[in-house]
Amino acid sequence: MQNSAVNPPSSSGGQSGSPAVSEPGVIPNSGGSAVNSNHSDSSGSAAVGVNNVSTNGHISKHNGVAPNDNSNSVETNACDDQNDHDVTKTISWLGKTNQEIIRLIGQYLQDLGLEGSVKTLMSESGCYLEHPSATKFREHVLSGEWAKADADLQELEPLINNGKPSTITEMKFLLLEQKYLEHLDDGCPLDALHVLRNELTPLQYNISRVHQLSSYMMCSNNHDLYQRSKWEGKGILSRALVMERLQTFLPPSVMMPPRRLRMLLQQAVELQAERCPCHDMAWETNLQNVSLLTDHCCATDGFPMQTIQILTDHCDEVWFCKFSPDGLKLATGSKDATVIIWDVDPYKLQIKQRRVLDSRFQMSVAFISWSPDSKLVLIGGPEDSSEICIFNVDDGRLILKMSHNIQEDSFSCGAFNRDGTRFVCGGQKGQFYLCDLKATILDSWEGVRINSVVFRADNKTILAADSHYPDRLALLNISNQGLHLWDIEDKCLVRRFQGIRQSNFAIHSCFGGVNESFVASGSEDKNVVIWHIKREEPLAKLSGHTKTVNCVSWNPAYPSLLASASDDATVRIWGPNSFHHANAIPESDDCSSCSSSSSWNMTS
C-alpha cells in the first residue's frame, strides 16, 4: 500500500340561485330539505331516512348517498331479509376515502370510453363523478358553444376560489382566446375582431397576449396561423387542451384534475423505484414497463456478487487497476514496478494475461489511465516519482517517457484528453503540465497538488477526481473522512457514503453498473464496498481480500464485472452469483483459483 497525502478537501358561503354543493363525491340533492326518519309499527314496514347537514350554505350528506328525489323515505319490507340487506347497503356510510376512490375509478373508466360502466358505478355507489354544472361546462367547451360555456362559468363562479374575480377573469380569457382563434381559423376576421375588441380587451388582462393575438389577424393562411400561434387548429384537440387548463382552476370536489388515477399510480411506481436498493437508473420506470400487481424490485442477477477469478501474477502489493473504456482490457499496476495488461472475455467472464509492461522504468506503479480508444496507457508512480510513461498496449511499445530531474517535481498521475492527442500530468509537489504525445509541454501551472486527475467532456476542464458519466458528479476519497460525492456544477457536497475505512493510505473509488447508478470503493478493512448512488448506507460489502483494498474498477461496457486490487498482492474479479466457471476448482492456500467463499452481504 502507498502512503497517501490528504486528497482535495473537502369554498365560502353559497348565494341565492347558485348551485348547491354537496360533500365531495356525493350526488347533490335537487331539493334542499332534510330527510326525516320515521317508523311505522302498525304496517310492519320500516321507513328509513337520512339527515342532511347544511355546510356553508350548501347541502351535504352524512352517508354520501343521495336519497330518492320523489319521497322523503325509503320503504322496505321488514319480512324480506334480502330487502333489509339492500337498504342497509344503500344507506351505509362510504367515507371520504372510498368516495374519492370511486370517483378516481369512474374518471379512469370514462377516459377509456366505458360510459356505461361509469353510470353503473356512480348509480350503485350514490357518488357523482363531478359537479353537474362542471359537466355542462366541459360539454359546452368541447363542443365550442362559447356562449353557453360562459353562462356555465358564471354558474360555477361561487365554487371557484371563493368567486375571486381575478381567477374568473383568467378563465374567461382562456375561453375567449380559443373563440377568437377559431373565428380566424374559419376565415371570419370580422367576428374575430369583434371578440378581440369587445370581449377580450375589456377584461384588461394579459395585455401583451392581447397584442400578440391581434397580430394573428395578419396571417396569410391557416397554416401560417397554426405556425405563428403554435396552435393545433379548431377542433376537439385544441379544445381539450383548453379544458385541461381550465380544470386547474376548479377544486377537485367540483371536477378532478385530468388523468388523476394514472398520475397517482405513476407517483407510486416512482416512489417504489426510489426505495429499490438495487434500482437501475438506466431503466425508465413508468406504467408501461412495470406491473402494478407486484411491488417494483430490481433483480441482482447481473451484479458482481462473488469472486469469479483471482489474479496472482504480481509479486507485491497491487496499488491500481483499471478497465479500458471498451471494457475488453484490464490494466493492473503494482509496487513490484510492473504493469500487466489483461484481455477480458465478456461472454465467458474470464481474464487472460496479454503482456507485462516492465523493465522500462524503475518505479512502483500507483496510477494508470487509458486513452479514449483503449490503445494507450499512461502510467504514474508514487508521490515521489519523477517520471511518467505512455505505452501502446497492442505491441507493448513505449510511446513516451517524460522525466524531470528537478527535485521539486513529481509525476504521480495523469489523464488523456477526450480525443487522446494530449494529456495532463502532475503530482503531490505542486507541478501540473499539459503535454502532447511528443512530451512537449504546452502549458503549466504551479501550486496544484493532486492524487488523481481526469478530463471533463468539454475537453477543457480538468478534475482532480474520478468523474461520473453525466460529467457533473465527482467522487473524492478523503483521509479520515471517507468517500464524498460532489456536484461540480452546483459546487456542493451531495452525499457522504458510510461504511468505508480510510486513514493512512490512498484508496481509489469508481462509479459503475448500468448507467453508473452505483459507487464502489476499496477500504482498509479488506472489503470492497458498494452503494447505490442515491443512498449513503452500503448496499453490500464484498469480502475475500486479506489486506487493504487499494483500488476498484467497474467495467464500463460490461457492468457484471468488477476488479479490485489489494495489498495482498492479488487482483480479484467479481461477477454475478449466477455465473458458474467451467473449470472452477476450490480455492487453495495461494489464492490461485476461483473462490466460492466470497460474499455479497446485504446491509440494508
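Lys136 is partly exposed, at 34% relative accessibility. Its partner in a salt bridge is Glu155. The model is predicted. Across the whole structure, a search finds 14 salt bridges. Side chains of opposite charge can pair when their charged atoms come close.

**Between two helices**
- Glu155 and Lys136 have their closest N and O atoms 3.3 Å apart.
- Lys136 sits in helix H4 (residues 132–142) and Glu155 in helix H5 (residues 146–156), so this pair ties together parts 19 residues apart in sequence.
- Glu155 is also partly exposed, with a relative accessible area of 29%.

**Between two strands**
- Lys401 and Glu387 meet through their side chains in a salt bridge, at 3.5 Å from N to O.
- Glu387 belongs to strand S13 (residues 387–392) and Lys401 to strand S14 (residues 398–403), so the pair links parts that are 14 residues apart in sequence.
- Glu387 counts as buried, at 12% relative accessibility.
- Lys401 is partly exposed, at 42%.

**Lys329 and Asp326**
- Lys329 forms a salt bridge with Asp326, and their closest N and O atoms are 3.4 Å apart.
- Lys329 is buried because its relative accessible area is 8%, under the 20% cut-off.
- Asp326 counts as partly exposed, with 28% relative accessibility.

**A network**
- Salt bridges also link Asp343, Arg354 and Asp394 in a network.

Technical notes. Residues numbered from 1 in each chain as written. Predicted model: local features only at pLDDT ≥ 70, side-chain atom pairs only at ≥ 80, totals over all residues. Heavy atoms only, no water. Salt bridge = Lys/Arg side-chain N within 4 Å of Asp/Glu carboxyl O. Helix = DSSP H or I, 4+ residues; strand = E, 2+ residues; numbered from the N terminus. Buried < 20%, exposed > 50% of the residue type's maximum accessible area, 1.4 Å probe, protein only.
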